[in-house]
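We will go from stop to stop, picking residues as we go.

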Amino acid sequence: MFSDGHFEKEFLDKIALDIAQEYLFPVEVEEIHIDISDYYDPTRRQYDGNKLLKKIDSISSLEIIKQIGLFKVDLFIPILTYIFGQATFNGNTGIVSLYRLRNEHYGMKKDEGLLLNRITKVVIHELGHTFGLIHCHIPTCVMRSSTYVEDIDQKSKNLCIKCRAALGLP
């Protein structure tokens with residue numbers, strides 16, 4: 001898991017622990033510094049998720065099985081107004097932003113616990129896509145599609161039995 005260097009270590013360690021528990025593999029957190037200004041679209045006032053995903057993918061090394069880049073900026077892809085995250089299906093790379101996961105974005109009181117819960121779910125979801133999982137129709141499965149933060153709040157941070165079986169997980 002890569003962070004752009006603007007996250008607290010404890011916050012990242014909690015996410016990494018949840019990922020390790022869900023997918024049963026070790027997770028390392030690495031801080032990287034990249035200039036993302038080239039990925040900013042001034043007409044949308046957002047960052048291009050497709051281009052940022054390609055950038056993170058280009059950083060990969062042979063030792064890394066899967067990687068997620070974590071950001072704090074507003075992301076989009078051309079067909080959507082915004083995204084929480086994105087991943088290469090059956091690939092090794094994903095990106096996640098907490099920008100629209102923060103309560104303050106919606107005029108509500110800051111809630112770090114809820115933010116951690118939301119970003120963990122999005123990271124686990126995007127990693128699922130890198131492992132070849134598609135969106136699930138089981139309401140509580142972390143692989144269910146999420147258009148709004150309320151959708152994220154309603155699901156668990158765990159894969160359902162069907163999705164676990166598809167990955168060969170107990």
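The tour below visits a helix, a hairpin, some salt bridges and the nonpolar cores.

**Before you start**

This is a predicted model, in which local features need pLDDT of at least 70 and side-chain atom pairs count only at pLDDT 80 or more, while totals for chains, interfaces and linings use all residues. Residues are numbered from 1 along each chain as its sequence is written, and side-chain values use heavy atoms, with hydrogens and water left out.

**Stop 1: helix H1**

Select residues 9–23, which form helix H1. Helices here are DSSP runs of H or I with at least four residues, strands are E runs of at least two, and both are numbered from the N terminus.

Now colour Phe11, Leu12, Ile15, Ala16, Asp18, Ile19, Glu22 and Tyr23, the buried residues of H1. Look down the axis: these buried residues fall within an arc of 160 degrees, so they line one face of the helix. The arc is taken from the directions from the helix axis to the C-beta atoms. Buried means under 20% relative accessible area, exposed over 50%, and partly exposed in between (1.4 Å probe, protein chains only). An α-helix has 3.6 residues a turn, so residues three or four places apart point the same way.

Turn to the other side of H1 and find Lys9 and Glu10, which are exposed. Then step just past H1 to Leu24, where phi is positive, at about 60 degrees.

**Stop 2: a hairpin**

Select strand S6 (residues 75–77) and strand S7 (residues 80–83). They pair in the antiparallel sense over two bridges; pairing requires at least two DSSP bridges between the strands. A hairpin of two residues joins S6 to S7. Show Leu75 and look across to Ile83 in S7, which stands opposite.

**Stop 3: salt bridges**

A salt bridge puts a side-chain nitrogen of Lys or Arg within 4 Å of a carboxyl oxygen of Asp or Glu. By this rule there are seven salt bridges.

- Select Arg100 and Asp74, whose side chains meet in a salt bridge at 2.7 Å, N to O. Arg100 sits in the loop between strand S9 (93–97) and helix H3 (112–130), and Asp74 in the loop between strand S5 (67–71) and S6, 26 residues apart. Arg100 is buried at 16%, and Asp74 is buried at 9%.
- Select Arg118 and Asp153, with closest N and O atoms 2.8 Å apart. This pair links helix H3 to helix H4 (residues 149–154) across 35 residues. Arg118 is buried at 3%, whereas Asp153 is partly exposed at 31%.
- Select Glu112 and Lys110, with closest N and O atoms 3.7 Å apart. Glu112 is partly exposed at 42%, and Lys110 is exposed at 53%.

**Stop 4: the cores**

Which residues have the most contacts inside the largest nonpolar core? Select Leu70, Leu101, Ile119 and Val123: they do, in a core of 31 residues. H3 gives the largest share, seven residues. A nonpolar core is a set of buried Ala, Val, Leu, Ile, Met, Phe, Trp, Tyr and Cys residues joined through side-chain atoms within 4.5 Å.

Zoom in on Leu101. Beyond four places in sequence, Leu101 touches Phe84, Leu115, Arg118, Ile119, Val122, Val149 and Ile152; contact means heavy atoms within 4.5 Å. Last, find another core lying apart from the largest one: its 13 residues include Ile32, Ile36, Val73 and Leu75.

How values were computed. Expected span 1.5 Å × (residues − 1).
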